[in-house]
Amino acid sequence: MATDYDTPRTRPEDEPANESLEAIRARTSTATQVPSIDLEDADTAEGIDLPGADLSHEELTVAVVPQQADEFTCASCFLVHHRSQLARQHDGLLYCTDCEG
């Protein structure tokens with residue numbers, strides 16, 4: 001079924017058509033806003049337990065590979081790219097196709 005977006009919208013029955021700004025402010029100020037979560041200053045990420053994720057005994061190891069002969073570091077984004085991504089060389093600085101595009 002198609003919807004005609006040009007037709008005027010009707011207001012719900014509980015919302016008055018010509019309610020004044022003062023009435024809206026008075027209604028919203030009487031309803032106090034209480035936060036749904038009570039956080040203490042001492043709460044940190046250490047207090048959050050992930051289910052089934054005890055990684056305290058794990059050690060991360062990453063092998064760092066030095067820049068290869070067919071790679072370059074872009075002077076704009078500082079990422080290491082293959083030589084096929086070389087777009088421009090200016091004053092000894094190399095720029096990739098992503099930064100020059």
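This is a predicted model: local features need pLDDT of at least 70, side-chain atom pairs count only at pLDDT 80 or more; totals for chains, interfaces and linings use all residues.
Me: Helices are DSSP runs of H or I with at least four residues, and strands are DSSP runs of E with at least two. With that in mind, what pattern does the chain follow along its sequence?

Reply: Happy to walk you through it! Read along the sequence, the pattern is α-β-β-β-β-α.

Me: How do you know where the confidence is lowest and where it is highest?

Reply: The pLDDT values tell us, on a scale from 0 to 100. Helix α1 (residues 21–30) has the lowest mean, 75, while strand β1 (residues 71–73) has the highest, 96. For the chain, the average is 79, and 71% of the residues score at least 70.

Me: Why is H81 called buried?

Reply: The cut-off for buried is under 20% relative accessible area. H81 has 12%, so the residue counts as buried. As for its place, H81 belongs to strand β2 (residues 80–82). In the chain of 101 residues, 6% count as buried.

Me: What is H81 in contact with, leaving aside neighbours within four places in sequence?

Reply: Contact asks for heavy atoms within 4.5 Å. By that rule, H81 touches D70, E71, F72, C74, C96 and D98.

Me: What makes strands β3 and β4 a pair?

Reply: Pairing needs at least two bridges between the strands. β3 (residues 86–90) and β4 (residues 93–96) have 4 bridges, in the antiparallel sense, so they qualify as a pair. L86, for example, stands opposite C96 in β4. The two strands form a hairpin with 2 residues between them, and D91 in the turn has a positive phi of about 55°.

Me: Why is the meeting of R88 and E100 called a salt bridge?

Reply: The rule wants a side-chain nitrogen of Lys or Arg within 4 Å of a carboxyl oxygen of Asp or Glu. For R88 and E100, the N to O distance is 3.1 Å, so the pair meets the rule. This pair links distant parts of the chain, with R88 in strand β3 and E100 in helix α2 (residues 97–100), 12 residues apart. The count of salt bridges comes to 1.

Key:
Residues are numbered from 1 along each chain as its sequence is written. Side-chain values use heavy atoms; hydrogens and water are left out. pLDDT is the predictor's confidence in each residue, from 0 to 100. Buried means under 20% relative accessible area, exposed over 50%, partly exposed in between (1.4 Å probe, protein chains only).
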